[in-house]
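Please look through the sequence and the coordinates shown here before reading on. The paragraphs that follow go from annotation to individual residues.

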Amino acid sequence: MRIALGIEYDGSNYCGWQRQSHVASVQEKLEKAISVVVNQPTEIVCAGRTDTGVHGTGQVIHFDSPVDRGDRAWTLGVNTNLPKDISVKWSQPVTEDFHARFSATARRYKYIIYNGSKRPAIFYKGLSHCHDQLDATLMHEAAQHLVGKHDFTSYRTVHCQSHSPVRTIIHCNVFRQGEYVVIDIKANAFLHHMVRNIAGSLMRVGRKIETIQWIDEVLAHKNRCKAGMTAPSGGLYFIEVDYPEHFNIPQTENGPLFL
């Protein structure tokens, strides 16, 4: 039978989601824990691979199991075999046509910036830090120029392996909550480093180094060198995946924390 699981993880101690030789990954830890419960080697598929240091509060995976262990085994049982920075939040039996990656219709991230003159100590691994004052209103206005279907060549890494740079951003909202500035972005899919490159560019607008119109100019250039820096990975959270209703995938709080 096919099982879907909702996964939460702190990516600080991992070299990204994908299993790799000689370094720790989130996928490796989950596959080992699930294999103990299934009692045989098990491979998993995720909704979206995250980079080194990136966190997940709404990751979704699926795997095929020869046995039905029940919800307690897939949640409490798997969690018993996981490190404390990775957790299974829910389990759901799904039909064989469900695919964690290819059945997804949209993905959503949040990028969290601590905007204070002194570096943070609490949750420091889960935040980006900008000591210059950011104008969140300007950042939000600039972000609206990215909404819709565009060629995002300027906002992806030069090593991105996607065949097409065209993506559709459903929303890109920026707001301030006290000393935190949050970028909330949802799209049908994302390119490698796309969110972090967008965040780095929006911060240049927020610091008033660039104008709102500059975001459009960067898009038009289709040149990664024209955009802002790649923002640090620690502030990025993969928070939500959308699927067609008939799969009955649970909807959970999309976090992170109080933001």
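Which residues does the UniProt annotation "domain: Pseudouridine synthase I TruA alpha/beta" cover? The model is a predicted one, and the annotation, from an unreviewed entry, covers residues 8-102 and 142-244. Over residues 8-102, helix accounts for 24% of the chain and strand for 24%. The end C-alpha atoms of residues 8-102 lie 20 Å apart. Over residues 142-244, the chain is 24% helix and 30% strand, with 31 Å between the end C-alpha atoms.

Tyrosine 109 belongs to strand 5, which runs over residues 106-114. Is tyrosine 109 buried or exposed? Its relative accessibility is 9%, so tyrosine 109 counts as buried, the cut-off for buried being under 20%. Setting aside neighbours within four places in sequence, the contacts of tyrosine 109 include Arg49 and Thr50.

The cysteines come next. A disulfide is a covalent bond between the sulfur atoms of two cysteines. How many disulfides does a search of the whole structure find? The search finds zero. Cysteine 46 is in no disulfide, and the nearest cysteine sulfur, that of cysteine 160, is 15 Å away. Cysteine 46 counts as buried because its relative accessibility is 9%. Cysteine 172 is likewise in no disulfide; for this residue the nearest cysteine sulfur is that of cysteine 130, 17 Å away. With a relative accessible area of 0%, cysteine 172 is buried.

Which residues make a nonpolar surface patch of about 460 Å²? The patch is made by Ile122, Phe123, Leu257 and Phe258. Of these residues, phenylalanine 123 lies in the loop between strand 5 and strand 6 (128-129). Strand 5 is also where tyrosine 109 is found. Phenylalanine 123 has 47% relative accessibility and therefore counts as partly exposed.

Helix 3, residues 136-143, holds leucine 138. At 23% relative accessibility, leucine 138 counts as partly exposed. Leucine 138 and valine 174 are separated by 36 residues in sequence, while their C-alpha atoms are 8.9 Å apart in space. Not counting residues up to four places away in sequence, leucine 138 touches Val205, Lys208 and Ile212.

Lysine 208, one of those residues touched by leucine 138, sits in the loop between helix 4 and helix 5 (212-221). What is phi of lysine 208 near? Phi is near 65°, a positive value in a residue other than glycine. Lysine 208 has 60% relative accessibility, so this residue counts as exposed.

Histidine 193 also has a phi near 65°, positive in a residue other than glycine. Histidine 193 is in the loop between strand 9 (180-187) and helix 4 (194-206). At 22% relative accessibility, histidine 193 counts as partly exposed.

Terms used. Residues are numbered from 1 along each chain as its sequence is written. This is a predicted model: local features need pLDDT of at least 70, side-chain atom pairs count only at pLDDT 80 or more; totals for chains, interfaces and linings use all residues. Side-chain values use heavy atoms; hydrogens and water are left out. Helices (H or I, at least four residues) and strands (E, at least two) are DSSP runs, numbered from the N terminus. Buried means under 20% relative accessible area, exposed over 50%, partly exposed in between (1.4 Å probe, protein chains only). Contact means heavy atoms within 4.5 Å. UniProt positions are given in the numbering used here, feature names are shortened, and annotations may be inferred rather than shown by experiment. A disulfide is a pair of cysteine sulfur atoms within 2.5 Å. Patches are made of residues with over 30% relative accessible area and no salt bridge: like charges are joined within 9 Å, nonpolar side chains (Val, Leu, Ile, Met, Phe, Trp, Tyr) within 5 Å. Accessible areas come from the Shrake-Rupley method with a 1.4 Å probe; for residues, only the protein chains shown count as cover. A salt bridge is a side-chain nitrogen of Lys or Arg within 4 Å of a carboxyl oxygen of Asp or Glu.
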